[in-house]
Amino acid sequence: MALPLFSIFLFSSLTLFSLTESKLNVDYYNKTCPQFEKIIQQIVVDKQLAAPTTAAGALRLFFHDCMVGGCDASLLISSNSFSHAERDTDINLSLPGDAYDVVTRAKTALELQCPGIVSCADILAVATRDLITMVGGPFYKIRLGRKDSFESYAKDVEGHIARPNMTMDTIINMFASKNLNVQEMVALMGAHTIGFSHCSEFSKRLFKFSQTSEFDPTMNPTYVQALQTLCGNNTKDMAAFNDVMTPGKFDNMYFINLQKGLGLLASDQAMIYDQRTKPFVELYAKDQDAFFKAFAHAMEKVSVYKVKLGKMGEVRRRCDVVNQLQVNPNKKIGS
């Protein structure tokens with residue numbers, strides 16, 4: 001008897017959890033920091049109301065952190081005289097300050113309540129989930145108990161985070177290297193239903209695209225005109241919403257937009273033409289519940305990717321500095 005497609009997808013994903021779920025636990029802080037989730041929820045609500053782009057920023061921050069060496073808050077570490085950190089590599093420079101700030105605020109509040117207990121990696125994972133839910137997205141469980149990394153190097157980033165000009169083959173292979181299949185990849189790309197991108201990331205689609213076309217012919221012409229007006233001034237790197245229709249709401253409009261030529265990034269729009277990704281784009285465009293279920297499952301899976309446990313990491317007192325440097329700022333990490 002043939003299994004339904006989603007059952008096969010779910011079964012194939014379970015192996016990722018086997019090594020970590022016995023040590024990670026949704027109730028990890030119940031005794032050591034019982035107010036953990038309540039404190040984060042309050043910080044998240046206040047920050048999102050004050051800065052509505054926080055949800056999209058935190059989601060990017062979480063994903064960029066996890067894709068490079070695992071979900072260990074290495075992206076939160078600041079560069080110093082000994083190390084050029086992940087956050088200062090080119091692809092991470094556009095990560096918004098509000099995303100870092102919501103984690104910092106939560107960490108400060110938690111250190112006052114239960115010092116030295118809650119890791120920055122767990123804060124980022126839960127804050128991201130709560131922000132997604134706050135703007136209309138699905139709720140999913142977060143296993144807790146991650147430790148924070150001891151190091152962060154910019155040189156480790158390249159090849160682990162998709163760029164808009166990458167081919168679909170390259171992107172699919174990149175996700176596959178993280179044990180994420182095509183369906184999971186498409187669901188995660190749906191995160192672009194919120195947030196924005198700078199003109200430098202998509203302007204090549206708008207001007208002198210080829211010898212036969214001024215702009216990318218896969219784009220809606222009216223949409224192109226609006227973007228050309230926005231991005232025509234090369235002195236400023238302006239930004240456009242990834243989802244032009246419902247930019248502040250986490251929904252399936254992103255996939256509907258792709259069917260209408262309203263995908264902002266080339267890598268997004270390409271998914272409606274590639275036969276490996278097109279069926280999932282079409283499924284999520286017509287069925288938001290299917291998208292939410294797939295996205296929630298994929299996020300759970302990403303959240304346990306190469307997590308640090310026990311002595312593999314630490315609980316940083318400050319998210320932007322490893323504990324060793326807080327004690328001795330002149331000591332080189334690893335020495």
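**A helix and its surroundings**

Guide: A127 is buried, at a relative accessible area of 2% (buried is under 20%, exposed over 50% and partly exposed in between, using a 1.4 Å probe and protein chains only). The model is a predicted one, in which local features need pLDDT of at least 70 and side-chain atom pairs count only at pLDDT 80 or more, while totals for chains, interfaces and linings use all residues. Residues are numbered from 1 along each chain as its sequence is written, and side-chain values use heavy atoms, with hydrogens and water left out.

A127 is part of helix α5 (helices are DSSP runs of H or I with at least four residues, strands are runs of E with at least two, and both are numbered from the N terminus). Once neighbours within four places in sequence are set aside, A127 is in contact with I40 and V44 (contact means heavy atoms within 4.5 Å). L59 is 68 residues away from A127 in sequence, but their C-alpha atoms are 9.0 Å apart in space.

L59 also takes part in the meeting of α3 and α5. On the α3 side the residues are T54, A55, A58, L59, L61, F62 and D65, and on the α5 side L124, A125, T128, L131 and I132. The axes of α3 and α5 (residues 120-134) come within 9 Å and cross at roughly 140°; axes are lines fitted to C-alpha atoms, for helices over the stretch in contact, and angles run from 0 to 180 degrees between N-to-C directions. The two helices are therefore oblique to each other (under 35 degrees is roughly parallel, over 145 roughly antiparallel, 65 to 115 roughly perpendicular, and the rest oblique). The crossing of α3 and α5 is left-handed, meaning that the near helix is turned anticlockwise from the far one by less than a right angle; clockwise would be right-handed.

Charged pairs come next. R129 and D130 form a salt bridge at 2.7 Å, N to O (a side-chain nitrogen of Lys or Arg within 4 Å of a carboxyl oxygen of Asp or Glu). R129 is buried at 2% relative accessibility, and D130 is buried at 10%. The structure holds 18 salt bridges. Another of them joins R205 and D216, whose closest N and O atoms are 3.0 Å apart. Both R205 and D216 lie in the loop between β1 (196-198) and α8 (221-231), so this pair ties together parts 11 residues apart in sequence. R205 is buried at 4%, and D216 is buried at 8%. K47, D98, D101 and R105 are linked in a network of salt bridges.

E86 has no such partner. E86 sits in the loop between α3 (54-67) and α4 (97-113) and is buried without a salt bridge. The nearest side chain of opposite charge, R316, is 8.1 Å away (Lys and Arg count as positive, Asp and Glu as negative, and His and the chain ends are not counted). Apart from neighbours within four places in sequence, E86 contacts V68, S74, L75, N92, S152, Y153, A154 and V157.

T104, in helix α4, is partly exposed at 42% relative accessibility. T104 and I43 are 61 residues apart in sequence, with 9.9 Å between their C-alpha atoms.
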